[in-house]
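Biologist: Please take a close look at the charged side-chain contacts in this model, and then at the strand pairing. State the cut-offs as you go.

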Amino acid sequence: MSFLSWVILLTGWLSGWFLSARSGECRKEDRCGAAGLESYCANNGGGDPSLDTPTAAWGLEGVSPHGEGPRVEPAAACLPAHTYGPPRVSVIVPARNEERRIGPLLASLRAQTLPPDEVIVVDDSSTDGTARLARESGAAVVSPGALPPGWLGKPWACHRGAQASGGSVLIFLDADTRLEPDGVERLLAEQALCGGLLAVQPYHEVKRPYEQLSAFFNLIVPASTAAFTPWGDRIAPQASFGPCIVCSRDDYTAAGGHEAVRGEVLENLALGRRFRRLGLPIVCRTGRGTLSFRMYPEGLRALAEGWSKSFAKGARTTSLPVLIGVVLWLSGCASAATVLLEAAASVLPFWIGTESYSHNPAGGGSTSALSRGVLLFTAAVYSAFAGQLWILLRRTGSFHSLTALLYPIPLAFFFILFSWSAVQTFGRRKVFWKGREITVSKNGGAE
């Protein structure tokens, strides 16, 4: 191997660990339990330290700002004694033709240890039984009306859902998500500790073989936020997730809500930027133990359409240092597979007998022995990357161990789909999602 190959392999492997050093899960007892909340309130001059539940507080005062521009204080965390108590919570679910996927979410919301005060399903012109199923499950169904010019479907649905809601806390959930029994409680506790905007990437439930092809997408999405490096929350995330967003109504309104990001294909990233400009914190977490989803159960075509609609745009908005780290990691993964194939090709003639034993003129044994040594070394390098992937994939989803062992297959799928996403976004400037054709402007928004 050349010196450059060594550099790519080493920096790539280290970049993978650096970008995903922390699992970043929502935790309840050790982060936001009664003792921790009592200590926090005592140090911040407010509230009742005898609160029974972590949800009796919302937002934080005096948190370290994770943003730019004028500072806007998040909603007070430790409420005065006469006002403390669980906040009124509104769950808002934008849904378009989600009859086959929304059921588990609605069932999980009914089974919560801390049920939300209201569940609003915004039926975005569905042609299936989404609205009927939501009503049967006890949710309020809102019809947002015709899509106004300049708006995309999801921002419009979220905007109308927020308008129809009455909660002081808003939880926006994609229809394909599912909460653990204490999921709402964990989300509220995490946001109460951190304030601002909490974005959670759900744990990916993988059931069919083609779904294993999402492996690298599931790893790159959290890595690209820079929220899971060894520095943790000491640096501001560079992006926010879309399937689950939690914030106070006051902060949501101050940031302009979804109306301010009405034409954005990646409305979650744009909303995060709005919070950051106001100096409001952004916190990213992974969903294992709190929130999960099964992506694109309809089939491979839906999976390809879903990932390709926005991934190239997401790469364009990723900060340069993080983008370099992701590129180094992917390059290392690809190089490890390439050098292993090259080493195997050099040994294959000796195994099948098309080349005979020969002595190495430079010394050091036979040519076949040297080739076998190189093969063993490159296999060890490949195993280091495969092992790394297996550890990281277990954090993000129920991926099979063979997916890590045979990672060049999902890696090749990622490269192909990313290239197609770039062609759609920056070449044709059209993407397709849920039966709608979206024209993408040069800056990545919708026209």
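Modeller: E180 is partly exposed, at 25% relative accessibility; the class covers values between buried (under 20% relative accessible area) and exposed (over 50%), with a 1.4 Å probe and protein chains only. The model is a predicted one, in which local features need pLDDT of at least 70 and side-chain atom pairs count only at pLDDT 80 or more, while totals for chains, interfaces and linings use all residues. Residues are numbered from 1 along each chain as its sequence is written, and side-chain values use heavy atoms, with hydrogens and water left out.

The partner of E180 is R178, and the closest N and O atoms of this salt bridge are 3.8 Å apart. A salt bridge here is a side-chain nitrogen of Lys or Arg within 4 Å of a carboxyl oxygen of Asp or Glu. R178 is also partly exposed, with a relative accessible area of 30%. The search of the whole structure gives 14 salt bridges.

Another of them joins R101 to E298, with 3.4 Å between the closest N and O atoms. R101 sits in the loop between β1 (89-95) and α4 (102-110), and E298 in the loop between β10 (291-293) and α11 (300-308), so the contact ties together parts 197 residues apart in sequence. Helices (H or I, at least four residues) and strands (E, at least two) are DSSP runs, numbered from the N terminus. R101 is buried at 9% relative accessible area, whereas E298 is partly exposed at 38%. Both residues belong to a network of salt bridges that also links E98 and D176.

The bridge between E136 and R132 has an N to O distance of 3.4 Å. Here both residues lie in helix α5 (residues 130-136), four residues apart, about one turn of the helix. E136 is exposed at 56% relative accessibility, and R132 is partly exposed at 42%.

Turning to the strands, β8 (residues 244-248) has five of its five residues buried, so it is largely enclosed by the rest of the structure. Strand β4 (residues 169-173) runs antiparallel to β8 and is joined to it by five bridges; strands count as paired if DSSP finds at least two bridges between them. Within this pair, L170 stands opposite C247. Strand β6 (residues 197-201) also pairs with β8 in the antiparallel sense, over three bridges, and there L198 has V246 as its bridge partner.
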